[in-house]
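This briefing is meant for a reader who is meeting the structure for the first time. Please look over the sequence and the model below, and then follow the points by topic.

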Amino acid sequence: MTVDFSPLIAWPYFAALTLAAAVLAALGVWRGVRGAWLRAAALAAFCLAIANPVLFQEEREPLSTIVAVVVDRSQSQENGDRRAQTDQALEGLKERLARFPQIEARIVEAADGEETEAPSTKLFGALATALADVPPARVGGAIFITDGQIHDVPDVNQKLGFEAPVHALISGEPDEFDRRIEIVSAPRFGIVGEQQKMTFRVVDDGAAPGGSAEVTIRLNGNEIATEQAEPGTDVPFSFTVPRGGNNILEFAVGPVAGEVTETNNRAVHVLDGIRENLRVLLVSGEPHAGERAWRNLLKSDAAVDLVHFTILRPPEKQDGTPINELSLIAFPTRELFVDKIGEFDLIIFDRYQHRGVLPILYYDNIAQYVENGGALLIAAGPEHAGDDSIAATPLAAVLPATPTGVMNEKAFFPRLSEEGKMHPVTRGLEGAADEPPAWGRWFRTVDVDRPLGQTVMEAADGKPLLVLNRVGKGRVAMLLSDQGWLWARGFEGGGPHVSLYRRTAHWLMQEPALEEEALTARAIGRTLEITRQTIEGDPGQATLTYPSGRTQEVTLTLRDPGLYKAEVETDEIGLFEVSNDELTTLVHVGNVDAPEFKAAISTKEKIQPWAEKTKGLVRRLADADGPVDLPPVIPVRGAVRVADDQRLSLRMTDETVLKGIDSLSLFAGLFGLAALLFLISATWYREGR
């Protein structure tokens, strides 16, 4: 209740009037005039009436005390009975807080970080967001229900924005332990065929049993090593990069009985294999129009080191040319096909025929080169159907087709076979979907017996045109026509010769993206995209194994011939495994180094400093195999100055909200008039005596 003045005249005039009244009253008292005191009281009442005193009484309503309850819903809460303990504690806490009408509970459920971030548990960020619109004086406290693995705990010397207790109720069991593996250092890129070094470490958190751990290492799904590692010790490891493109290294440590989770028992690292320079040997049997098409394609790629020889003059030709003028550069056959044959990534025989330039033994070397993982491309012309065909040499052991000795001289549009429509080398070639194909014609092919492998392109009457085959560890391709140069020259509109030649060469060099039977997966945010390439028809369902161990059958949908895809929205973060038939691939959703997958044991240590600073309580929800034990809530008026190790202390606010104001003018109406008349009448009465 307050009194305010609202003068009926301006303050300067009121001050002058009051001063005059005071002088008159003082003069009367000083001279001893009869009734001077009554006159002074009457003048005072008159001045008070002019001052218009108003009595104000505010109507206020107490504000509620805001208590933030931050619930940890991160992936680590799925371990053991943590989620059940958390749910039970949340319900019990709601019930306890509801007993106090003046307390308003704000429940905040905090999941993992956004998909663009490294998955982590950010409870203090969620707390700040929940209390952003609350004045600090109204905050009664914060209660975290968590396993203690909080990744955004601020420094204890910083300010939270309110002065109230911070409590934590810890889910999980005491004396937990967990074994995990992490990659300490690893290169992102590596030269194909060269050794790379990396370091990994096995870590035991909590009361682990100790002892060495066995780590199984797989590269692209194949086991390459088994290492023994002492927990806490960095272990170096070397490996050879086997191929270009993505190479997936997987490190798996054996599980330990009783550990919190096996989710972090595997770690992956993706390394991009780079071919320092692709070494290609191109041997042309004679000058011809198609030779330039091969040469231009290979020379246009800066990553290709091309060694090209053309046989300009066959050995049997005798025209008296001096020996020192037979060639500008001698054909180093022994160096190429004996000493350094293993250094080439691809060997191309372009219209080459056996005319004594290469000894018979060298063809056997080339066949062994293919068997051991090499790549061979035969671009055949009429010579392949003749008596000097290389199919009549030991090289025939690796060739997918044997010539019949006949040339098919008939104009045709090259077409994709049914296998070719599905094979990644030829699938989706520009113009292939039209009938006839939207490219130029060719005019001859080498006739062959029924070929091995896959016939991906056909000539006239369904004859084989492009044949692909695997031999041992290597690969062979046969292009049974020498007229691909017509496309390069733009004849009848040309055709996709660059795409066809390049894809064929990269398939021969075992580019993973061109494998006809392949299973790949990639993560786009939290969406998992699964791709299955096959030429065997519908591959059926894929099995998706989540980091938590649960599995899901995924239906693969045909998108293009030989290409099946599926997209799965994931609610977990971590290492997923996808399998179909005998193929398996791994993919990591979220950041590989995400804090959420490192330490997994429940702990009090991270939140304890804040509880001690704010006089809060940190307590486990349950002992080993025991029921959830929730501490009682105690409201405290004023600042919480003493920590209570048995109860959740909450600071109650004194804040109120103004609902209305009642005002009463003291000298307005009958009361003021009666007082004034009484004093004036008393003055007259005193003077009349």
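The cover over the buried residues of helix 7 includes helix 6 (333-339), strand 17, strand 18 (375-379), strand 23 (464-471) and strand 24, where contact means heavy atoms within 4.5 Å. This is a predicted model, in which local features need pLDDT of at least 70 and side-chain atom pairs count only at pLDDT 80 or more, while totals for chains, interfaces and linings use all residues. Residues are numbered from 1 along each chain as its sequence is written, and side-chain values use heavy atoms, with hydrogens and water left out.

**Helix 7**

- Helices (H or I, at least four residues) and strands (E, at least two) are DSSP runs numbered from the N terminus.
- The buried residues of helix 7 are Y362, Y363, N365, I366, A367, Y369 and V370, buried meaning under 20% relative accessible area, exposed over 50% and partly exposed in between, with a 1.4 Å probe and protein chains only.
- The twelve residues of helix 7 should span 16 Å at 1.5 Å a residue, and this agrees with its end C-alpha atoms, which are 17 Å apart; the expected span is 1.5 Å times one less than the number of residues.
- Just after helix 7, G373 takes a positive phi of about 115 degrees.

**Salt bridges around D482**

- A search of the whole structure finds 38 salt bridges, each being a side-chain nitrogen of Lys or Arg within 4 Å of a carboxyl oxygen of Asp or Glu.
- The side chains of D482 and R351 form a salt bridge at 3.1 Å, N to O, and this pair links distant parts of the chain, 131 residues apart, with D482 in the loop between strand 24 (474-479) and helix 9 (485-488) and R351 in the loop between strand 17 (346-350) and helix 7 (360-371).
- D482 also forms a salt bridge with R444, with the closest N and O atoms 2.7 Å apart, and R444 lies in strand 21 (residues 442-448), 38 residues apart from D482.
- Both D482 and R351 are buried, D482 having a relative accessible area of 7%.

**The D571 and R550 pair**

- D571 and R550 form a salt bridge whose closest N and O atoms are 2.6 Å apart, and because D571 lies in the loop between strand 30 (563-569) and strand 31 (574-580) and R550 in the loop between strand 27 (542-545) and strand 28 (551-554), the pair ties together parts that are 21 residues apart in sequence.
- D571 counts as exposed at 53% relative accessibility, whereas R550 counts as partly exposed at 36%.
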